[in-house]
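Reader: I have a chain open and would like to go through it with you. Can we start with the charged pairs?

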Amino acid sequence: MPVWCCRCSLAGHFRTYSGTETEGQLLNSFVQYFGDSLGRKIKRMPLIEETVLPGDSLLTLPVVIIGNGPSGICLSYLLSGYRPYLSPEAIHPNPILHTKLEEARHLSIVDQDLEYLSEGLEGRSSNPVAVLFDTLLHPDADFGYDYPPVLHWKLEQHHYIPHIVLGKGPPGGAWHSMEGSMLTISFGDWMELPGLSFKEWAASKRRNIKTDRVMPEEIACYYKHYVKVMGLQKNFRDNVYITSVSRLYREKDDEGRSHQNEDISTQHLEMEDGQKSLVKRNWEVRGYQRATDGSHVPFCLFAENVALATGTFDSPGRLQVEGEDFPFVLHSMSDFGAAISKGKLRGKADPVLIVGAGLTAADAVLCAYNNNIPVVHVFRRRVTDTSLIFKQLPKKLYPEYHKVYHMMCTQSHTVDSNQHSAYTSFPEHNVLSFKPEMKCVLQSASGLKKILKFSVALVLIGSHPNLFFLKDQGHSIGHHSNQPITCKGNPIEIDPYTYECTKEANLFALGPLVGDNFVRFLKGGALGIARCLAIRQKKKHELIESGDGGGEGVP
């Protein structure tokens with residue numbers, strides 16, 4: 001199958017694509033992007049066969065960002081030339097940090113030593129730059145203060161680094177698919193991105209925000225508007241699905257000639273004397289864009305750097321038990337909400353079975369409870385377990401979650417079930433299997449088994465990123481090699497100040513992929529990456545101007 005490719009030296013290899021209108025739309029989109037961003041006159045972007053190996057004459061983007069949620073949006077904002085400076089009137093409540101900021105007031109934060117600025121800071125992220133950027137945007141927020149940011153922003157277009165942001169849906173990522181009736185855990189202010197106050201945006205849209213916490217729909221609209229008002233639209237491509245991200249290598253033979261190899265493992269780079277040497281080249285990004293008529297238009301891009309900003313909502317956690325693939329076993333709140341809205345659970349005598357003890361499971365309990373649907377709630381932990389998320393939430397700010405926690409503690413199956421038929425909890429129980437007659441086999445901590453009848457089951461035990469498009473699904477770049485990437489147990493291993501993968505050069509990651517699950521902290525990843533790339537771009541331009549190099553790739 002032919003693909004759109006950003007390489008212009010293969011004009012002889014294109015052939016006509018059947019859907020001319022769709023072809024033209026995608027072609028014009030990329031041509032306009034490359035022409036505007038790279039300043040080159042491009043009249044046609046040819047289709048190439050997937051079997052054609054890329055040569056040396058590549059039109060290569062400095063950065064491709066995969067994922068258009070808040071992580072990808074914030075990174076695009078900084079790469080577009082927006083720079084944060086210490087505000088003239090600002091005084092940071094941390095006197096040591098403020099003294100450091102005063103030392104280089106004339107420089108943007110992007111141009112300063114992030115390791116020096118973040119030294120000694122503490123916060124709710126294990127990534128120091130995330131803590132630094134958060135305290136600059138929300139000083140002393142964890143102590144209950146609502147201080148304004150100490151930064152102001154300037155658009156310096158000469159700092160623009162050409163990039164493209166690829167996402168499956170509209171800007172905002174997974175926020176567009178979250179259950180709309182629930183409130184966010186974080187305050188609305190903590191969900192905002194640099195340069196646009198969430199409260200001011202809400203007021204301008206005449207949205208009546210009655211509480212500090214807001215609905216996901218509000219946040220999704222804010223992110224979508226943010227991309228537009230900040231002038232970032234040209235960098236974003238929606239309805240794009242990535243199928244492959246692979247490193248290109250150039251292999252040199254004994255006579256110095258080179259040819260390409262697309263799929264060479266890292267181990268092959270460690271070669272013994274006498275063997276052919278390999279030189280790392282740029283990244284090849286393949287995928288397709290879904291057209292309005294449902295057809296798929298494949299494409300191929302080349303990039304010096306790739307930034308992973310995919311989040312963790314791609315793959316819902318699974319119990320890995322018998323019968324989990326039955327159609328009446330759901331794994332997302334959106335599916336559950338759809339079943340309720342379509343009336344599929346109306347009048348059902350059997351309860352909904354909800355598995356999990358996190359906030360999403362609690363959302364499901366509240367959703368069922370508010371729709372008069374009886375609930376059986378199964379979870380593995382004790383209700384006294386100090387690691388339960390409910391223990392970390394203030395009662396005054398999160399009354400609805402403490403209502404669920406209260407029911408978990410007081411309406412257990414060990415108490416007379418007639419007293420609370422609307423809700424029954426099964427602490428310290430595991431699901432052994434689901435049966436085709438819509439029954440579930442549970443096992444208690446003591447080994448006792450129990451069979452329950454239900455109308456629909458909802459398994460909500462977290463979610464994991466899906467990095468299938470990387471070699472070995474990205475298992476090699478985590479803290480624990482050869483294990484799946486998870487935001488808590490095995491995030492991608494990065495340099496703490498540049499967010500570059502320690503095990504793969506020119507591959508960056510931010511957000512939940514590196515353990516920053518809150519929007520407050522993922523913005524630090526954008527800052528670290530932007531500084532790293534700005535330094536490298538500057539060095540590359542200096543090499544070009546001096547005539548000492550400036551070929552493909554970033555050294």
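This is a predicted model: local features need pLDDT of at least 70, side-chain atom pairs count only at pLDDT 80 or more; totals for chains, interfaces and linings use all residues.

Reader: How many salt bridges turn up in the whole structure?

Author: The search of the whole structure gives eleven. One of them joins Arg 247 to Glu 504, with the closest N and O atoms 3.0 Å apart.

Reader: Which parts of the chain does the pair of Arg 247 and Glu 504 tie together?

Author: Arg 247 is in strand β8, residues 240-252, while Glu 504 is in the loop between β21 and β22, so the pair links parts 257 residues apart in sequence.

Reader: And how accessible are Arg 247 and Glu 504?

Author: Arg 247 counts as buried because its relative accessibility is 5%, and buried means under 20%. Glu 504 has 11% relative accessibility, so Glu 504 counts as buried too.

Reader: What does Glu 284 pair with?

Author: Glu 284 meets Arg 286 in a salt bridge, 3.0 Å from N to O. Both Arg 286 and Glu 284 are buried.

Reader: Back to strand β8. Which residues does Tyr 241 touch?

Author: Tyr 241 lies in that strand, β8. Leaving out residues up to four places away in sequence, Tyr 241 touches Lys 168, Gly 287, Tyr 288 and Arg 290.

Reader: How accessible is Tyr 241?

Author: Tyr 241 has 22% relative accessibility and counts as partly exposed.

Reader: Different topic. How many disulfides are there?

Author: The search of the whole structure finds zero. As for individual cysteines, Cys 440 is buried at 0% relative accessible area, and Cys 501 is buried at 4%.

Reader: Now helices. How do the axes of α2 and α12 cross?

Author: Helix α2, residues 70-79, and helix α12, residues 519-546, have axes that come within 9 Å and cross at roughly 40°. The crossing is right-handed.

Reader: Which residues make the contact?

Author: On α2 they are Pro 70, Ser 71, Cys 74, Leu 75, Leu 78 and Leu 79. On α12 they include Val 519, Leu 522, Lys 523, Ala 526 and Leu 533.

Reader: What classes of residue are in that contact of α2 with α12?

Author: Twelve nonpolar, one polar and one charged.

Reader: Where is Ala 349?

Author: Ala 349 sits in the loop between α9 (333-341) and β14 (352-355). Ala 349 is exposed, with 73% relative accessible area. Its C-alpha atom is separated by 8.6 Å from that of Phe 454, 105 residues apart along the chain.

Reader: Last, the overall numbers. How many helices and strands does the chain have?

Author: The chain has twelve helices and 22 strands.

Reader: What percentage of the residues is buried?

Author: Of the 555 residues in the chain, 53% are buried.

Reader: And what percentage of the contacts join residues at least 24 apart?

Author: Taking contacts between residues at least 6 apart in sequence, 69% join residues at least 24 apart.

Key. Residues are numbered from 1 along each chain as its sequence is written. Side-chain values use heavy atoms; hydrogens and water are left out. Axes are lines fitted to C-alpha atoms, for helices over the stretch in contact, and angles run from 0 to 180 degrees between N-to-C directions. Helices (H or I, at least four residues) and strands (E, at least two) are DSSP runs, numbered from the N terminus. A crossing is left-handed if the near helix is turned anticlockwise from the far one by less than a right angle, and right-handed if clockwise. Contact means heavy atoms within 4.5 Å. Ala, Val, Leu, Ile, Met, Phe, Trp, Tyr, Cys and Pro count as nonpolar, Asp, Glu, Lys and Arg as charged, and the others, Gly among them, as polar. A salt bridge is a side-chain nitrogen of Lys or Arg within 4 Å of a carboxyl oxygen of Asp or Glu. Buried means under 20% relative accessible area, exposed over 50%, partly exposed in between (1.4 Å probe, protein chains only). A disulfide is a pair of cysteine sulfur atoms within 2.5 Å.
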